[in-house]
Amino acid sequence: MSLLAASILFHCQAEAAEQASYVGSKVCSQCHEKEHSRFSKYSKKAHSWKSIAVMRKKLTPQELQGCYDCHTTGHRKPGGFVSIEQTPDLADVGCETCHGPGSVHAASGDPKDIRRTPELADCQTCHNAERVADFRFKPLIAAGAH
């Protein structure tokens, strides 16, 4: 492949990744049933909306928005969680929290169109020293349960 062709291909892949939107874990489960089943069964993250539902009435709107950042998928990102009414399929921590928006990958099936292995920095958005101190939980960096 020529340098020009490689450059064009890279640009197109980067542009497609920027345009990817969140589709929800149910869409991921269509091809990744085993991983989704294990994640749903063994990972507390897969049911993180329950924590919000329990605390919701005791929180200010600003505090609630902060909870959404780590207890939903894609909050404050284009196409991510907005509200339980508008985006119920994103109301838990799901596949795309770690692997990125999945629309392009779901359409193509190409592994290059999704983040296969999250980086530590991706996890540290929520699993960081401040939150460990605030909520007394240990950051489980490799706790995807799949």
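In these legends, Ala, Val, Leu, Ile, Met, Phe, Trp, Tyr, Cys and Pro count as nonpolar, Asp, Glu, Lys and Arg as charged, and the others, Gly among them, as polar. The structure is a predicted model, in which local features need a pLDDT of at least 70 and side-chain atom pairs count only at pLDDT 80 or more, while totals for chains, interfaces and linings use all residues. Residues are numbered from 1 along each chain as its sequence is written, and side-chain values use heavy atoms, with hydrogens and water left out.

**Figure 1. The second largest pocket and its lining.** By class, the lining of this pocket comprises six nonpolar, seven polar and three charged residues. A pocket is defined on a 1 Å grid over the protein atoms alone as an open set of points where a 1.4 Å probe fits, with protein on both sides within 12 Å along at least five of seven lines, and its lining residues have an atom within 4 Å of a point. The second largest pocket has a volume of about 240 Å³, a volume being the space filled by probe spheres set on the points, which are joined across faces, edges and corners. Of the 16 residues that line the second largest pocket, S25, K26, H36, D89 and D92 lie nearest its centre. Helices α2 and α3 (33-42) each contribute at least two residues to the lining of the second largest pocket, and α3 gives the most, with three residues.

**Figure 2. The chain by secondary structure and confidence.** The chain holds nine helices and zero strands, where helices (H or I, at least four residues) and strands (E, at least two) are DSSP runs numbered from the N terminus. The mean pLDDT, the predictor's confidence in each residue from 0 to 100, is 84 for the chain, and 79% of the residues reach 70 or more. Confidence is lowest in helix α1 (residues 3-19), with a mean of 49, and highest in helix α2 (residues 25-29), at 97. Over residues 4-17 the pLDDT is below 50, and beyond near neighbours in sequence this stretch has four contacts in the model, a contact being heavy atoms within 4.5 Å. Among the contacts in the chain with a separation of 6 or more, residues 24 or more positions apart account for 45%. Of the 146 residues of the chain, 25% count as buried, that is, under 20% relative accessible area, with exposed set at over 50% and partly exposed in between (1.4 Å probe, protein chains only).

**Figure 3. The aromatic cluster of W49, Y68 and F81.** The structure holds three aromatic pairs, a pair being rings of Phe, Tyr and Trp (its six-membered ring) whose centres lie within 6.5 Å, with planes under 30 degrees apart counted as stacked, over 60 as edge-to-face and the rest as tilted. The rings of W49 and F81 have centres 5.6 Å apart and planes at 50°, so this pair is tilted. It links distant parts of the chain, with W49 in helix α4 (residues 49-55) and F81 in the loop between α5 and α6, 32 residues apart. W49 and F81 are both buried. The rings of Y68 and F81 have centres 4.9 Å apart and planes at 70°, so this pair is edge-to-face. Because Y68 lies in helix α5 and F81 in the loop between α5 and α6, the pair ties together parts that are 13 residues apart in sequence. Y68, like F81, is buried.

**Figure 4. R76 and T87 in the loop between α5 and α6.** R76 lies in the loop between α5 (61-71) and α6 (95-99), and its phi is near 65°, a positive value in a residue other than glycine. At 58% relative accessibility, R76 counts as exposed. T87 lies in the loop between α5 and α6 as well, but at 16% relative accessibility T87 counts as buried. Leaving aside neighbours within four places in sequence, T87 is in contact with G80, F81 and V82.

Figure 5. S40 lies in helix α3 and is partly exposed, with a relative accessible area of 23%. G109 lies in the loop between α7 (103-108) and α8 (120-123) and, at 48% relative accessibility, counts as partly exposed.
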